[in-house]
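Open the model in your viewer and keep the selection tool at hand. The stops below say what to select next and what is there.

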Amino acid sequence: MGLRLSVTLLTAIPWRGPGDEAATGGDTAPPRAAVAAAMAWAPAVGLLLGVIASAVLLLADHPLGAGPLTASGLAVGSLALLTRGLHLDGLADLADGLASGKPAPAALDIMRRSDIGALGAVTLVLTLLLQVAALSQAESDGHGRGPAALVAAVVTGRLAITWACRRGVPAARPDGLGALVAGSVRPAVAAAATAVTLAAAAAAVISATAAGGALGWTLPLAVAAGLGVAFGVQRHAVRRLGGITGDVLGALAEIAVTVTLVIAAMGPPA
């Protein structure tokens, strides 16, 4: 149930089962163990999303000849479609709430509103521009750097969610997604997922180098940087708001994705 619930919470992919209704508006909350498993599975869901988006990137760039920039835009757009844009909406809401300078209750009320303020809109546009530009740069370098950077970034974004749901991090509200998932993940689980992700990134670089290609040495560093920046934003959000919300989780995912893509695209051409 944990993996299915994770897919239900973090994507628009239709995979429902008994007990999932509670996570999306039902009257009965799912078991705490299922919620913990769902958040632990978040990086695996990121891997699924990253693979799908990478397929869009490769198909648009090579067989269809759209070019790296257009292909990158389509890949980033596919991620927004697969998640219903909820993470992007969370990023804009968090930017508006934190930038308001108001106490936590008022800031949380601002984040609940359906409209997006000026700073939220600017943050959203700049984030998407950075994601597309960085992915385009990585894809232009060739040797699989584009897909590798994209998969690493999307996995890192969901890994940031897993870390934000670790024990000791409170919810900002008594209801909503934040209250459902806050404090559900054991830190050891998040640490193990991080170790696997970093090892996979390093192994990908080593394997590509051994095969005569080059993914760029920045890939493992990009994962670490994405998590580090997301962790800093999470701590600031908890201090300002009193805990996490669904908007905070979505914002952390997009921040980690963006930072990972930017760092992964750096370095000399492969």
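A residue is called buried under 20% relative accessible area, exposed over 50%, and partly exposed in between (1.4 Å probe, protein chains only). This is a predicted model, in which local features need pLDDT of at least 70 and side-chain atom pairs count only at pLDDT 80 or more, while totals for chains, interfaces and linings use all residues. Residues are numbered from 1 along each chain as its sequence is written, and side-chain values use heavy atoms, with hydrogens and water left out.

**Stop 1: alanine 237**

Select alanine 237, which counts as buried because its relative accessibility is 0%. Alanine 237 is part of helix α11 (residues 218-241); helices here are DSSP runs (H or I, at least four residues), numbered from the N terminus.

**Stop 2**

A pocket is an open set of points on a 1 Å grid over the protein atoms alone, where a 1.4 Å probe fits, with protein on both sides within 12 Å along at least five of seven lines; lining residues have an atom within 4 Å of a point. The second largest pocket holds about 280 Å³ of space. Select Leu47, Val155, Val196, Thr197 and Ala200, the closest to its centre of the 14 lining residues. Helices α3 (42-61), α8 (145-164) and α10 (187-210) each give two or more residues to this lining. Which element gives the most to the lining? That is α10, with six residues. By class, the lining has 13 nonpolar residues, one polar and no charged.

**Stop 3: a nonpolar surface patch**

Now select Leu119, Val122, Val125, Leu126 and Leu129, which make a nonpolar surface patch of about 450 Å². Patch residues have over 30% relative accessible area and no salt bridge, and nonpolar side chains are joined within 5 Å. Leucine 126 sits in helix α7 (residues 118-141) and, at 48% relative accessibility, is partly exposed.

**Stop 4: two positive phi values**

Most residues other than glycine have a negative phi. Select arginine 84, in the loop between α4 (68-82) and α5 (86-99); its phi is positive, about 60°. Arginine 84 has a relative accessible area of 47%, so it is partly exposed. Finish at histidine 143, in the loop between α7 and α8. The phi of histidine 143 is also positive, near 60°, and the residue is partly exposed at 48% relative accessibility.

Terms used:
Grid points are joined across faces, edges and corners, and a volume is the space filled by probe spheres set on the points. Ala, Val, Leu, Ile, Met, Phe, Trp, Tyr, Cys and Pro count as nonpolar, Asp, Glu, Lys and Arg as charged, and the others, Gly among them, as polar. Patches are made of residues with over 30% relative accessible area and no salt bridge: like charges are joined within 9 Å, nonpolar side chains (Val, Leu, Ile, Met, Phe, Trp, Tyr) within 5 Å. Accessible areas come from the Shrake-Rupley method with a 1.4 Å probe; for residues, only the protein chains shown count as cover. A salt bridge is a side-chain nitrogen of Lys or Arg within 4 Å of a carboxyl oxygen of Asp or Glu.
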